[in-house]
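Subject: Structure handover

Hello,

Here is the structure I promised to pass on. Please open it first, then read my notes below.

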Amino acid sequence: MQTTAMGYRLVRGVIRLLLRLFYRRVDVVGADRIPVTGPLIVAANHHNSLVDPMLILAAFPRPITVPAKAPLFRHPLIGPFLRAVGALPVHRRAEGGDAPRRNEAMFATAITHLRAGRAILIFPEGTTQPVPTLMPLRTGTARLLLGAEPHRGRYGITLLPVGLVFETPGTFREASALIAVGPPVPADDCIAAYAADPEPSVRRLTERLAWAIRAQLVEAEDHHTLELAAALERAWREDRGGPRPEPEASLAWRRDVMRAARALAARAPDRVAEFRRRLERYRVRLHESGLSDDELGQPYTARIVVRWIVTNATRPAVTLPLALWGMASHALPYGLTRAAVAAMRRTEEEEATDKMAAGLVLYPLCWAAEAWMLARWAGAGMLALFLVLLAPSGLTALAWRERLGRVIRQARAFARFLIDRRLHTDLIAERRALVDEATALAELART
């Protein structure tokens, strides 16, 4: 048990580091709903085969047992991590042989875990899918809970719905993830009726769980639509002059927008389509200008421009030597990882997994090769310097890259402003018209 706990903490630390490096931000909503002790089933939507459990393991403050596809345990890179966290192998019928019998053994092990007060992560959709919507749930989660609880629910198993919401999921340092934890799903009536009426109890609890998970999601036909909803939220907030919302309020706002859009799709399809085109056009113009919604309307006085130039020229200049060292040290593994992921030709949703998996192999190999070459050709002193600066120079290079992107974007915005002094006014007017139309559409959806 001691070794397993140490392995879990080690793997969780690696996972948190990888997520912190890859994602621009990871937010957790409803963390206070996570029970610290007691048997727990965490039921989440399934978007990405490896990133989804990584997010749950990183966000939850207690150990989580993760079921995983049996072939992954034979993977030379992923298998050791799964065994270190005590994952349970799931065998598919397509594998043939004694897969059903082994799954029964896994089911019995999961029940033992729950009755011992542990937590288990389940993806009740049973498969991953790239579209940000919830697929029909399989009944395994309900059967697990009802099979683990006796007639009167003596163990008190908590069924916790979780929604995973992504923006630009496969883009390094631009992707963001939100983990929304909902209130526990009530199951006492299903537990009480299970012995006498098992199948209706399973179906009722499964339907209840589906509604609970769906309540934590922002469902749309594709990720581009979700990005448009986020763009509309930013435009709405800046036009109305409100403060930046907390992640929970932002999630609820986008969820309401998508529900209204679905309600209006049949009633006013042409009007909704035209609004979408206008929103896309505004988003493109805003991006081309180099501005963000919160920068629209800000004055470009000589004092502001000089202060901006001094600030954005001195800070990068101070860290430039360390950033250049980091770029040189990490250029080879970064390029190889990018080439390897491109060669896989997978979907955008799978890119995050591929980049992390390839990086876990290629970065250490390249660092080892670079260290060997430095030790051979430059001596022990240069090797020691390389090892000491490896982590801080890499982080500095990332920060420098992001700052440079902001500087270029702001410079482009200032240049566009000098060429077209009405740019800000026109964009603000376009944003106001969008917000007015969104208000009218929201009223139409309510009526």
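**What I found**

The lining of the second largest pocket holds 32 nonpolar, 11 polar and 5 charged residues. Keep in mind that this is a predicted model.

That pocket has a volume of about 1,400 Å³. Its lining comes to 48 residues. Look for P67, A68, K69, V90 and F123, which lie nearest the centre of the pocket. Helix α4, residues 99-115, gives the most to this lining, with 6 residues.

**The sheet**

Next, the strands. An open sheet is built from 5 strands. Read across, the order is β1-β7-β6-β2-β5. The pairing is mixed. At the edges sit β1 (25-29) and β5 (119-122), and each of these pairs on one side only. On average, neighbouring strands of this sheet are turned by 20° against each other, direction ignored.

As background, strands of a sheet pair through backbone hydrogen bonds, either parallel or antiparallel. Both kinds turn up here, as the pairs below show:

- β1 pairs with β7 (residues 176-181) in the parallel sense, over 5 bridges. Here V28 stands opposite I179 in β7.
- β2 and β6 run parallel and are joined by 5 bridges. I41 stands opposite L159 in β6.
- β6 and β7 run antiparallel and are joined by 6 bridges. The bridge partner of F166 is A177 in β7.

Is D27 buried or exposed? D27 is buried, because its relative accessible area is 17% and the cut-off for buried is under 20%. Leaving out residues up to four places away in sequence, D27 touches A177, L178, I179 and P247.

How many of the 9 residues of α2 are buried? The count is 8, so α2 is largely enclosed by the rest of the structure. The buried residues are V51, D52, P53, M54, L55, I56, L57 and A58.

**Strand β6**

Which residues point which way from β6? T158, L160, V162, L164 and F166 point one way. L159, P161, G163, V165 and E167 point the other way. All of them are buried.

**The cavity**

The structure holds 1 cavity of 30 Å³ or more. The largest cavity has a volume of about 130 Å³. Its lining is made of 16 residues, and N45, P132, T133, L164 and L217 lie nearest the centre.

Which strand supplies the largest share of this lining? β6 does, with 3 residues. β6 and α8 (223-240) each supply at least two residues of the lining. By class, the lining of the largest cavity has 9 nonpolar, 6 polar and 1 charged residues.

Last, the loop between β6 and β7. As a general point, most residues other than glycine have a negative phi. Two residues in this loop have positive values:

- T168 is found in the loop between β6 and β7. Phi of T168 is near 40°, a positive value in a residue other than glycine. T168 is buried, because its relative accessible area is 19% and buried means under 20%.
- R173 is found in the loop between β6 and β7. Phi of R173 is near 65°, again positive in a residue other than glycine. R173 counts as buried at 18% relative accessibility.

**Where to start**

Begin with β6. This strand is joined to β2 by 5 bridges and to β7 by 6 bridges.

Best wishes

Definitions and conventions. Residues are numbered from 1 along each chain as its sequence is written. This is a predicted model: local features need pLDDT of at least 70, side-chain atom pairs count only at pLDDT 80 or more; totals for chains, interfaces and linings use all residues. Side-chain values use heavy atoms; hydrogens and water are left out. On a 1 Å grid over the protein atoms alone, a cavity is a set of points where a 1.4 Å probe fits but cannot get out, and a pocket is an open set with protein on both sides within 12 Å along at least five of seven lines; lining residues have an atom within 4 Å of a point. Grid points are joined across faces, edges and corners, and a volume is the space filled by probe spheres set on the points. Helices (H or I, at least four residues) and strands (E, at least two) are DSSP runs, numbered from the N terminus. Ala, Val, Leu, Ile, Met, Phe, Trp, Tyr, Cys and Pro count as nonpolar, Asp, Glu, Lys and Arg as charged, and the others, Gly among them, as polar. Two strands pair if DSSP finds at least two bridges between them. Axes are lines fitted to C-alpha atoms, for helices over the stretch in contact, and angles run from 0 to 180 degrees between N-to-C directions. Buried means under 20% relative accessible area, exposed over 50%, partly exposed in between (1.4 Å probe, protein chains only). Contact means heavy atoms within 4.5 Å.
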